[in-house]
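User: Got a model open here and want a quick walk through it. Can we start with the strands and then do the aromatics?

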Amino acid sequence: MRWLETPEKHLPKTVCAVFGKEAFLRRQVLSKLREIFAKKADDGEDYSASFDGTVAEWSRVYEELGTFSMFGPPVRLVILDNADKFVWGKSKNTSKSTEETEKAGSEETQNSGGYSEQLIQYLEQPPETGVLVLDLETCASNTRLYKSLLQNGMLIDCQPFEGKKYEASSALADWLTRTAQEKYGFELPKDAAAVMVDQVGTEMGVLNQELAKLALTVEKGRPVTSRMVREYAGKWKTQTTWEMMDFILAGRARQALEALDKLLGAGDDPIMIAASMTFTLRRMALITRKVLTESYEGRRPDTERAILESGVNSFFVSKTLAQLKWLGRKRCQEVLDQLVALDFDLKGDSSVSRRLLLERFILRLAVPKSF
């Protein structure tokens with residue numbers, strides 16, 4: 001997290017391992033790297049190359065690192081997503097224990113099937129045309145690659161906050177305060193940020209979602225209080241809202257309306273319910289916009305990459321693809337305008353009951369596209 005405070009001062013020059021169990025923090029680092037390298041291009045475009053580490057081969061990655069782009073930055077950024085199998089030769093298996101997963105990043109054998117030895121050799125005489133970034137869950141300090149990166153490359157630690165609770169809470173509160181101001185445009189005092197950490201937990205991806213939702217309810221220029229965080233964050237921890245969104249994006253209208261009824265029956269504010277839906281639907285709209293932009297510019301659209309860059313966990317890419325397919329291009333393009341209209345209506349621009357406004361909105365998304 002410290003690297004994100006002054007990233008331009010500590011840019012990788014050869015190979016960089018962005019490692020740790022905090023997936024959200026890894027995505028933030030990768031996004032910032034792409035942004036910085038894009039600024040170095042003549043036209044400000046992102047010329048970085050990405051590979052899926054579960055299927056990538058060293059020869060292809062090496063070739064890309066030596067490729068010079070005519071209009072891009074002088075140094076090519078190559079990112080290897082989900083690189084654990086590529087490096088260590090161990091398949092990710094969610095049924096494995098934590099100890100087995102950690103072991104995959106601490107063993108280096110000649111028959112492992114990974115490319116750690118090639119990476120070590122590459123670090124000894126890297127070309128000046130490329131920077132390789134490895135997106136890893138594990139990179140144990142007793143491996144030869146780790147030691148080689150420490151000497152000739154770069155390591156960015158993205159481990160979850162552990163240890164003494166007050167230290168983690170303080171560091172995350174600082175991050176929440178900064179992110180609220182810089183990314184979402186509202187003031188979150190540190191005491192209110194500490195309350196959010198205490199109620200929501202230390203997972204940065206979840207905390208970021210809470211900030212995004214809170215931003216939708218804050219009046220411009222008005223700081224958030226600890227009381228507001230206690231009220232809203234406590235409500236947002238319920239799974240019912242997320243279940244409702246899953247039902248909507250799977251075309252299960254009846255179940256979605258039942259979930260809405262449950263939320264309203266529990267006393268949830270309709271504006272807060274809409275705010276929770278906005279976070280997911282805004283992401284769908286931004287993914288669609290990115291894919292369409294790539295298509296209009298004559299590039300081959302990479303929907304999976306757009307999904308990952310939007311902050312979706314790699315385990316939910318297939319689910320998100322199915323949800324985008326259900327909504328369809330037209331609804332994804334229109335949903336942001338519809339959300340704005342819903343917000344105004346819920347806040348008094350319509351004489352229709354707020355329940356009915358939410359039900360109509362849900363049905364627009366939950367019925368088949370041809371309906």
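User: Which residues point one way from S4, and which the other way?
Analyst: This is a predicted model. Gly130, Leu132, Leu134 and Leu136 point one way from S4. Val131, Val133 and Asp135 point the other way.

User: Are those residues buried or exposed?
Analyst: All are buried, on both sides. That is 7 of the 7 residues of strand S4 (residues 130-136), so the strand is largely enclosed by the rest of the structure.

User: How many bridges join S1 to S4?
Analyst: 5 bridges join strand S1 (residues 15-19) to S4, and the two run parallel. Strand S3 (residues 76-81) also pairs with S4 in the parallel sense, over 5 bridges.

User: What stands opposite Leu132?
Analyst: Val15 does. Val78 stands opposite Leu132 too.

User: Switching to aromatics. How many pairs are there?
Analyst: The structure holds 7 aromatic pairs. One of them is Trp58 with Phe86, a tilted pair at 6.5 Å centre to centre and 45° between the planes.

User: Why does that pair tie together separate parts?
Analyst: Trp58 lies in helix H3 (residues 58-65) and Phe86 in helix H4 (residues 84-88), so the pair ties together parts 28 residues apart in sequence. Both Trp58 and Phe86 are buried.

User: And Tyr62 with Tyr122, what geometry?
Analyst: Their ring centres are 6.1 Å apart and the planes sit at 85°, so the pair is edge-to-face. Tyr62 is in helix H3 and Tyr122 in helix H6 (residues 116-124), 60 residues apart.

User: Which aromatic cluster do they belong to?
Analyst: One formed by Trp58, Tyr62, Phe86, Tyr115 and Tyr122. Tyr62 is partly exposed at 46% relative accessible area, whereas Tyr122 counts as buried at 4%.

How values were computed. Residues are numbered from 1 along each chain as its sequence is written. This is a predicted model: local features need pLDDT of at least 70, side-chain atom pairs count only at pLDDT 80 or more; totals for chains, interfaces and linings use all residues. Side-chain values use heavy atoms; hydrogens and water are left out. Rings of Phe, Tyr and Trp (its six-membered ring) pair if their centres lie within 6.5 Å; planes under 30 degrees apart count as stacked, over 60 as edge-to-face and the rest as tilted. Helices (H or I, at least four residues) and strands (E, at least two) are DSSP runs, numbered from the N terminus. Buried means under 20% relative accessible area, exposed over 50%, partly exposed in between (1.4 Å probe, protein chains only). Two strands pair if DSSP finds at least two bridges between them.
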